[in-house]
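Reader: Hi! Could you walk me through this one while I have it open on my screen?
Author: Happy to, just ask away.

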Amino acid sequence: MNWFVEGLQGSGKSTLSRKIAEKEPAYTLIQEGDYSPVELAWCAYLNEEQYQKTLAKYPELREQIKEKTYDEGEKKIVCYTKIRTENHEFYRDLEQYEIYNNRVSRDDFQDIVLRRYRNWKQDGMIFECSLFQNTVEDMILFRNATDEEIVAFYRKVREALEGKNYHIVLLKAEDVRGNLAVIRKERSDEQGNELWFPMMIQYFNESPYAKARELEGEENLIRHFVHRQELELRLCEEVFPDKYSVLTSKGYSEEEIESIIRS
């Protein structure tokens, strides 16, 4: 079995992923920023020329970069957020090579995602937000894709995953606003200054989706999250009806986890 743990930001995906990993110690846990055979969030996707230019520009990071580089055919995947440096230009440079936020064309984006799902061979994996979150967010906010277009794309994802043994665990937030308040507090510094939320608001406000509709601010971000959760539930029900379970975000029991794992 392989596990996809999904849900909104702040729903408890990391916690649940770790709980499943504790119960299944032989499994490999893949979290955001780790090298993943199926997902590219927080990773740069470079060709050989781009990779060599990066190594030449940051010789002091050469060994770290090589350690966090994985070959996939003609491409190099660099888990750049796992590299430690005070030079923030490095992170800005590598971010431009991510595939999300309109950095590659819509056709190329879908081809990359589908090809990696088809080529995935490993088993015994636990993936944190590697099926819905980043791809659905990208398609809504940066590709202006309709719900129907997203559902149609995920039917292709289902085909690409044909023959794989997997189960989706979707954490459903009963109170999106409340969850957001918790994560805002959790992701603040010791002085109480919010670190995550201002970046999330900027990310939303500057997206083509928000600009086209003249949307901005917390209330519209919450509406977006509510819509995204409804869409991800719809994807489970319509595209993966035999492959998913729903748990209440931060309200499930150990028995419920055991039941899903053993079913």
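Author: Let me begin with K23, which counts as partly exposed at 22% relative accessibility. Keep in mind that this is a predicted model.

Reader: Okay, and which side chain does K23 meet in a salt bridge?
Author: That would be E258, with N and O 3.1 Å apart. K23 belongs to helix α1 and E258 to helix α12, so the pair ties together parts that are 235 residues apart in sequence.

Reader: Is E258 buried or partly exposed?
Author: E258 is partly exposed, at a relative accessible area of 29%.

Reader: How do α1 and α12 pack, what's the angle?
Author: Helix α1 (residues 13-23) and helix α12 (residues 254-262) pack at about 65°, and their axes are 11 Å apart. The crossing of α1 past α12 is right-handed.

Reader: Which residues make that contact?
Author: From α1 you have L16, K19, I20 and K23, and from α12 there are E254, I257, E258, I261 and R262. Sorted by class, the contact has five charged residues, four nonpolar ones and no polar ones.

Reader: Nice. How many salt bridges does the count come to?
Author: The count comes to 25 salt bridges.

Reader: Give me another one, what does R184 pair with?
Author: R184 forms a salt bridge with E194, and their closest N and O atoms are 3.1 Å apart. R184 sits in helix α8 (residues 176-186), while E194 is in the loop between α8 and α9 (196-205), ten residues apart. E194 is partly exposed, with a relative accessible area of 32%.

Reader: And R103, what does its side chain meet?
Author: R103 meets E95 in a salt bridge, at 3.6 Å from N to O. R103 counts as partly exposed at 30% relative accessibility, and E95 is partly exposed too, at 35%.

Reader: Switching to the backbone, what is the phi of N101?
Author: N101 has a positive phi of about 60°, although it is not a glycine. For context, most residues other than glycine have a negative phi. N101 is in the loop between α4 (88-95) and α5 (106-119), and N101 is partly exposed, with a relative accessible area of 22%.

Reader: And K250, where does that one lie?
Author: K250 lies in the loop between β8 (244-248) and α12. K250 has a positive phi of about 60° as well, and is not a glycine. At 45% relative accessibility, K250 counts as partly exposed.

Reader: I'm also curious about R116. Buried or exposed?
Author: R116 counts as buried, at 4% relative accessibility, because the cut-off for buried is under 20%. The place of R116 is in helix α5.

Reader: What is R116 in contact with?
Author: Leaving aside neighbours within four places in sequence, R116 is in contact with Y35, S36, P37, V38, E39, L40, E72 and I77.

Reader: Last one: where is H167 found?
Author: H167 is found in strand β7 (residues 166-172), and H167 is buried, with a relative accessible area of 12%. Leaving aside neighbours within four places in sequence, the contacts of H167 are M1, N2, W3, F4, K243, Y244, S245 and I260.

Reader: And how far apart in space are H167 and T85?
Author: From C-alpha to C-alpha, H167 and T85 are 37 Å apart, and they are 82 residues apart in sequence.

Note on methods:
Residues are numbered from 1 along each chain as its sequence is written. This is a predicted model: local features need pLDDT of at least 70, side-chain atom pairs count only at pLDDT 80 or more; totals for chains, interfaces and linings use all residues. Side-chain values use heavy atoms; hydrogens and water are left out. Axes are lines fitted to C-alpha atoms, for helices over the stretch in contact, and angles run from 0 to 180 degrees between N-to-C directions. Helices (H or I, at least four residues) and strands (E, at least two) are DSSP runs, numbered from the N terminus. A crossing is left-handed if the near helix is turned anticlockwise from the far one by less than a right angle, and right-handed if clockwise. Contact means heavy atoms within 4.5 Å. Ala, Val, Leu, Ile, Met, Phe, Trp, Tyr, Cys and Pro count as nonpolar, Asp, Glu, Lys and Arg as charged, and the others, Gly among them, as polar. A salt bridge is a side-chain nitrogen of Lys or Arg within 4 Å of a carboxyl oxygen of Asp or Glu. Buried means under 20% relative accessible area, exposed over 50%, partly exposed in between (1.4 Å probe, protein chains only).
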